[in-house]
Amino acid sequence: MAHPKNRIIFPLDVPDLDEALEFVEILKDDVGVFKIGLELFVKSGPRAVGAVKERTDAAIFLDMKFHDIPETVKGAIRSASTLGVEFVTVHTEGGSALMRAVVEGSGGKTKVLGVTVLTSLSSVDLVEAGFDPKYKDASELVAARARLARNAGCAGIVCSGLEAGLVKKKLGKDFLVVTPGIRPKDSPPDDQKRLTTPYEAIYNGADYIVVGRPIRNAPDPRKAASLIAEEIGKALKDRA
Ligand code: C5P
């Protein structure tokens, strides 16, 4: 992972495979991981994974955020791990038994990441969803769920850059932290709420950052990705 660009995960959040593959061609030298999520997988299925793999050696992250009973999700992960993907996601809210089953289903071939608290949720949303007001600050909940994920054998978690430092401090540097909700300075507001800049997320301890719209909607996506890689490089130096 020597080059800072390898820490950028680009989500192929587009409705069809042709458009996704255009982004792969444009960005394959500028990001380290391509993420295939619900939008593309529901439409194009496993062939999307095969088609991306044909065009790049970049790692693939299958972001299905599985959440069901343990046996069902274990089967889904068993299927996913035959696709040759590096990362998969499961909701930590599903509990320890679910995460243990998923890790077992992965057969050690795919890294399981636990989604802690979606970066689109604010403290107000959490209380509205029935969480105790002590979770007004999502970091307590993120830390508790991260611990569950680690104890169940997950390779890491997904959280916002605001919580990356706390998770690293509590769970150690080898437990992977992947952070979406990344917005370079002066980005327009959208559905993401617990935001950080690329610099802040990496400086706080994130291993990877997921950056979609700020690259996808930029007039020059390669330039946007390379500016983000520069920020990552600076943060890595400053945090060393
Ligand atoms: O940068 P942008 O907001 O466009 O990228 C969002 C991507 O990150 C989406 O693919 C979304 O599924 C993913 N994601 C997220 N929050 C999480 C986990 C993943 O936004 N907690």
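For this tour, Ala, Val, Leu, Ile, Met, Phe, Trp, Tyr, Cys and Pro count as nonpolar, Asp, Glu, Lys and Arg as charged, and the others, Gly among them, as polar. You are looking at a predicted model, where local features need pLDDT of at least 70, side-chain atom pairs count only at pLDDT 80 or more, and totals for chains, interfaces and linings use all residues. Numbering runs from 1 along each chain as its sequence is written, and side-chain values use heavy atoms, without hydrogens or water.

Start by selecting Arg183, Pro184, Lys185, Asp186, Ser187, Pro188, Asp190, Arg213, Pro214, Asn217 and Ala218, which line the second largest pocket. A pocket here is an open set of points on a 1 Å grid over the protein atoms alone, where a 1.4 Å probe fits, with protein on both sides within 12 Å along at least five of seven lines; lining residues have an atom within 4 Å of a point. Colour this lining by class and you will find four nonpolar, two polar and five charged residues.

Next, select Asp13, Lys35, Lys65, Pro180 and Gln192: of the 27 residues lining the largest pocket, these lie nearest its centre. Its lining has eleven nonpolar, seven polar and nine charged residues.

Pick out Ala48, Val49, Ala51 and Val52, which are buried (under 20% relative accessible area, 1.4 Å probe, protein chains only). These four sit on the same side of H3 because they cover an arc of only 165° around the axis, taken from the directions from the helix axis to the C-beta atoms. Now turn to the face away from that buried side, where Arg47 and Glu54 are exposed (over 50%).

Note on methods: Helix = DSSP H or I, 4+ residues; strand = E, 2+ residues; numbered from the N terminus.
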